Amino acid sequence: MNMQISKSPIGLDGIAAAETVLSHVDGERGELIIAGERVGDLVRKTGFEGVTARLWSGGTGQQISEAEVRAALGAARERAFNRLPELLGITRGLSIVDGFRAAIAGFARGKRIIT
């Protein structure tokens, strides 16, 4: 069998699925740019909270620091942990999938992490 591989548009190749100023994919170079930096460079110098702060600041124009993101996520984790007994009680007797859905729906009543 002789197969010829050629680069031709298939599916949604070349069609933008979404537009954003926060990231860019350079398919030819195989690079992902996030918040103006190549993802490889970005992860070498910052963690999840740092990237989140950059994306939040770039997307909203509201500057937030890595420390503020870390504090907000920590507070949100504490609130979620404190609600576990309530959430586990309402899931008793449900299948795993239905229990998960009910628990997630219960979290929806919470406050926004970053305002």
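Residues are numbered from 1 along each chain as its sequence is written. In this predicted model, local features need pLDDT of at least 70 and side-chain atom pairs count only at pLDDT 80 or more, while totals for chains, interfaces and linings use all residues; side-chain values use heavy atoms, with hydrogens and water left out.

Side chains of opposite charge can pair when their charged atoms come close. Searching the whole structure for salt bridges (a side-chain nitrogen of Lys or Arg within 4 Å of a carboxyl oxygen of Asp or Glu) turns up eight. One of these joins glutamate 37 to lysine 45, with 2.8 Å between the closest N and O atoms. The two partners can be described by relative accessible area, where buried means under 20%, exposed over 50% and partly exposed in between (1.4 Å probe, protein chains only). Glutamate 37 is buried, at 16%, whereas lysine 45 is exposed, at 57%.

Helices here are DSSP runs (H or I, at least four residues), numbered from the N terminus. Arginine 70 is partly exposed, with a relative accessible area of 42%, and glutamate 49 is buried, at 16%.

Glutamate 66 is partly exposed, at 30%. Elsewhere, salt bridges that share partners join Glu31, Arg38, Asp41 and Arg44 into one network.

How do the two helices meet? The axes of helix 2 and helix 3 (lines fitted to C-alpha atoms over the stretch in contact) come within 8 Å and cross at roughly 110°, with angles running from 0 to 180 degrees between N-to-C directions. Helix 2 is therefore roughly perpendicular to helix 3, a label given to angles of 65 to 115 degrees. In this contact (heavy atoms within 4.5 Å), Phe48, Glu49, Gly50, Thr52 and Ala53 of helix 2 meet Glu66, Val69, Arg70 and Leu73 of helix 3.

Technical notes. Helix = DSSP H or I, 4+ residues; strand = E, 2+ residues; numbered from the N terminus. Parallel < 35°, antiparallel > 145°, perpendicular 65-115°, else oblique.
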